[in-house]
Amino acid sequence: MRKSVVAIVGRPNVGKSTIFNRLVGERISIVDDVPGVTRDRVYAQGEWLSQYFNIIDTGGIEIGDEPLLQQMRYQAEIAIDEADVIIFLVNGKEGITAADEEVAKLLFKSNKPIVLGVNKIDNPEMRENIYEFYSLGFGIPYPISGSHGLGLGDLLDEVVSHFPQNEDEEDNEDTIYFSLIGRPNVGKSSLVNSILNEERVIVSEIEGTTREATDTYLNKDAQDYVIIDTAGMRKRGKVYETTEKYSVLRALKAIERSDVVLVLIDAETGIREQDKKIAGYAHDAGRAIVIVVNKWDTVESNEKTMKEYETKVRKQFQFLDYAPIVFLSAKTKKRLHTLIPSIKVASENHAKRVPTNVLNDVIMDALAMNPTPTLKGRRLKVLYATQVAVKPPSFVVFVNDPELMHFSYKRFLENKIRDAFGFVGTPIQIFARKRQ
């Protein structure tokens, strides 16, 4: 299901990032103890009245040393390209400025719903300041205070009222949706073409020459697939496309619709930090993952090369230890035949259910092998476990006190479940809950 996208747009110093943090709450500060997963966020998930949406902080997208007007134009373009609803943020203490009017002109052209938020209205006496903002022509100005958290409910009521209806895409449950993510020029378009065995996607050596992200249907060995091509992450002729964070925004939209995400690495240039960041988003989203080392034809290989490269990849992507690694060349189609089977296995494991009685046999065997830990004289008691969800497979382990479930013991149980049931290619989630 596609989530609606909300963008916060405005001139500098109106409090965009403060409002962004308020709307997404603690989700903004995701920190992982595994190297390569921690990263800045300009795109996060928010929720209001049980409606989940993605929100973009356009102020967090670094444009460089461009003039102010140019920077605002880029922000507006990003919002217009990506958002279903735009929050136009202004500063209630300073009133309307020339820069606000410039942003307003740009947003008028978007034909997107605009909700006007007047920030820094920190007390009731300041509410009179909002009236002048009617002149911007976006209807009712909503007084809010990012620093005090005031007025956000009314603002969000208005925002969600503009979400597109009937967003549920009628996806065929038997069809496997997969996307290709990776930094520019890693060979995403070439790989799509090789899979399809025809030139349906524009391919160029110049970074960013694919203009549209498109879905492509494929039937292979009686299995339907949809390829979500994210090669169009960057649009030619727009400066903001060169920002790393913008390319991540586009990848996230594709990840959201995917069952399986192919994380492409360029064998010729090696692993870079951006590879890990983008892969981390797919991991966080709970998608099945296959790591694809492309351009393998450019590597002088012997019988040890592949194993050595795999060791290097595992070291860099410790948080993806469940993901299979496929070595291939989109250009020469070398080892291309190994890709689709890996995608299918990862997808099947992503949707796999295990019987409760068999699961509990595995858990009891694990407890016998490695007794539960104690904390401050109290021992963790594991009572039983059950699978509560798929995509990704999620398990609830009922215990006497969830606080006693140390991360390392949860990891031990995860490994035992993986040993017993496979789950190659998919993350699994384990939640400790107190038995009622």
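## Aromatic pairs

A search of the whole structure, which is a predicted model, finds 13 aromatic pairs (rings of Phe, Tyr and Trp, the last by its six-membered ring, with centres within 6.5 Å; planes under 30 degrees apart count as stacked, over 60 as edge-to-face and the rest as tilted). The rings of Phe88 and Phe138 have planes at 85° and centres 5.6 Å apart, so this pair is edge-to-face. Phe88 belongs to strand β4 (residues 85–91) and Phe138 to the loop between β5 and β6, so the pair ties together parts 50 residues apart in sequence. Both Phe88 and Phe138 are buried (under 20% relative accessible area, with exposed meaning over 50% and partly exposed in between; 1.4 Å probe, protein chains only). Ring pairs also link Phe88 and Phe138 with Phe108 in a cluster.

Tyr131 and Tyr134 form a stacked pair, with 6.5 Å from centre to centre and 5° between the planes.

## Surface patch

Tyr131 is exposed, at 52% relative accessible area, whereas Tyr134 is partly exposed, at 41%. Together with Ile140 they form a nonpolar patch on the surface with about 340 Å² of accessible area (Shrake-Rupley method, 1.4 Å probe, only the protein chains shown counting as cover for residues). Patch residues have over 30% relative accessible area and no salt bridge; nonpolar side chains (Val, Leu, Ile, Met, Phe, Trp, Tyr) are joined within 5 Å, and like charges within 9 Å. A salt bridge is a side-chain nitrogen of Lys or Arg within 4 Å of a carboxyl oxygen of Asp or Glu. Ile140 lies in the loop between β5 (114–119) and β6 (141–143).

Leaving aside residues up to four places away in sequence, Leu320 touches Ala279, His283, Ile289, Ile291 and Arg314 (contact: heavy atoms within 4.5 Å).

## Whole chain and basis

The protein chain has 11 helices and 17 strands (DSSP runs numbered from the N terminus: helices H or I, at least four residues; strands E, at least two). Of its 436 residues, 53% are buried.

Residues are numbered from 1 along each chain as its sequence is written, and side-chain values use heavy atoms, without hydrogens and water. In this predicted model, local features need pLDDT of at least 70 and side-chain atom pairs count only at pLDDT 80 or more, while totals for chains, interfaces and linings use all residues.
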